Amino acid sequence: MSRADREAAARRVMDRTPPRVPPELYPDAVRRGARILRRRQLVHRVLWLLLCAVTVAFAVWALVAQPWVEPPSETTPPLTDW
């Protein structure tokens with residue numbers, strides 16, 4: 001099958017009228033779409049809330065622990081000039 005034949009076959013398929021959808025499917029599709037949209041919005045809100053909570057927890061930990069400060073020495077240095 002040559003390229004021209006494939007293009008012609010594709011055009012014939014696209015020129016046909018789409019099959020009719022049964023009217024009783026429309027309300028189910030709308031209901032499912034709305035449910036999926038609500039679920040997706042809820043998941044996004046929960047993820048944003050989780051991100052904010054993690055950011056606040058990290059900021060509080062950083063302020064309390066101060067990981068950028070060198071910890072105090074646990075031992076005293078040896079005395080050498082006595």
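# Reading the surface of a predicted model

Modeller: Let's start with charge: Arg 32, Arg 35, Arg 38 and Arg 39 come together on the surface as a patch of positive charge. Keep in mind that this is a predicted model.

Colleague: Where does Arg 39 lie, and is Arg 39 buried or exposed?

Modeller: Arg 39 is part of helix H2. Its relative accessible area is 52%, and exposed means over 50%, so Arg 39 counts as exposed.

Colleague: Now salt bridges. What is the general idea, and how many does a search of the whole structure find?

Modeller: Side chains of opposite charge can pair when their charged atoms come close. Here, the search of the whole structure turns up 2 salt bridges. Arg 3 and Glu 7 make one of them, with 3.1 Å from N to O. Asp 28 also forms a salt bridge, with Arg 31, and there the closest N and O atoms are 2.3 Å apart.

Colleague: How do I read those pairs along the chain? How many residues apart are Arg 3 and Glu 7, and how many separate Asp 28 and Arg 31?

Modeller: Arg 3 and Glu 7 sit 4 residues apart in helix H1, which covers residues 3-15, and that spacing is about one turn of the helix. Asp 28 and Arg 31 are 3 residues apart, again about one turn, but in helix H2.

Colleague: And which way do the accessibilities go for these partners? Is Arg 3 buried or exposed?

Modeller: Arg 3 counts as exposed, at 59% relative accessibility, while Glu 7 is partly exposed at 34%.

Colleague: On to the rings. How many aromatic pairs does the structure hold?

Modeller: There's 1 aromatic pair in the structure. Phe 58 and Trp 61 have ring centres 5.7 Å apart and planes at 35 degrees, so this pair is tilted.

Colleague: Why is that called tilted rather than stacked?

Modeller: Stacked needs planes under 30 degrees apart and edge-to-face needs over 60, so the 35 degrees between Phe 58 and Trp 61 makes the pair tilted. Phe 58 and Trp 61 are 3 residues apart in helix H2, so about one helical turn separates them. As for cover, Phe 58 is exposed, with 53% relative accessible area, and Trp 61 is partly exposed, with 45%.

Colleague: Which residues make the nonpolar surface patch?

Modeller: Val 56, Val 60, Leu 63, Val 64, Trp 68 and Val 69 make that patch, which comes to about 660 Å². Val 56 belongs to helix H2 and is exposed, with a relative accessible area of 53%.

Colleague: What about backbone angles? What is phi of Gln 66 near?

Modeller: The general idea first: most residues other than glycine have a negative phi. Gln 66 has a phi near 45 degrees, a positive value in a residue other than glycine. Gln 66 is placed in the segment after H2, and at 37% relative accessible area Gln 66 is partly exposed.

Colleague: Last one, Pro 71. Where does Pro 71 lie, and what separates the C-alpha atoms of Pro 71 and Met 14?

Modeller: Pro 71 is found in the segment after helix H2, a helix that spans 25-65. Pro 71 is exposed, with 62% relative accessible area. Met 14 is 57 residues away along the chain, and the two C-alpha atoms are separated by 72 Å.

How values were computed. Residues numbered from 1 in each chain as written. Predicted model: local features only at pLDDT ≥ 70, side-chain atom pairs only at ≥ 80, totals over all residues. Heavy atoms only, no water. Helix = DSSP H or I, 4+ residues; strand = E, 2+ residues; numbered from the N terminus. Buried < 20%, exposed > 50% of the residue type's maximum accessible area, 1.4 Å probe, protein only. Patch = residues over 30% accessible without salt bridge, like charges linked within 9 Å, V, L, I, M, F, W, Y side chains within 5 Å. Areas by Shrake-Rupley, 256 points an atom, 1.4 Å probe, with all protein chains shown as cover. Salt bridge = Lys/Arg side-chain N within 4 Å of Asp/Glu carboxyl O. Lys, Arg positive; Asp, Glu negative; His and termini not counted. Charge placed at Lys NZ, Arg CZ, Asp CG, Glu CD. Phe/Tyr/Trp six-rings, centres within 6.5 Å; stacked < 30°, edge-to-face > 60°.
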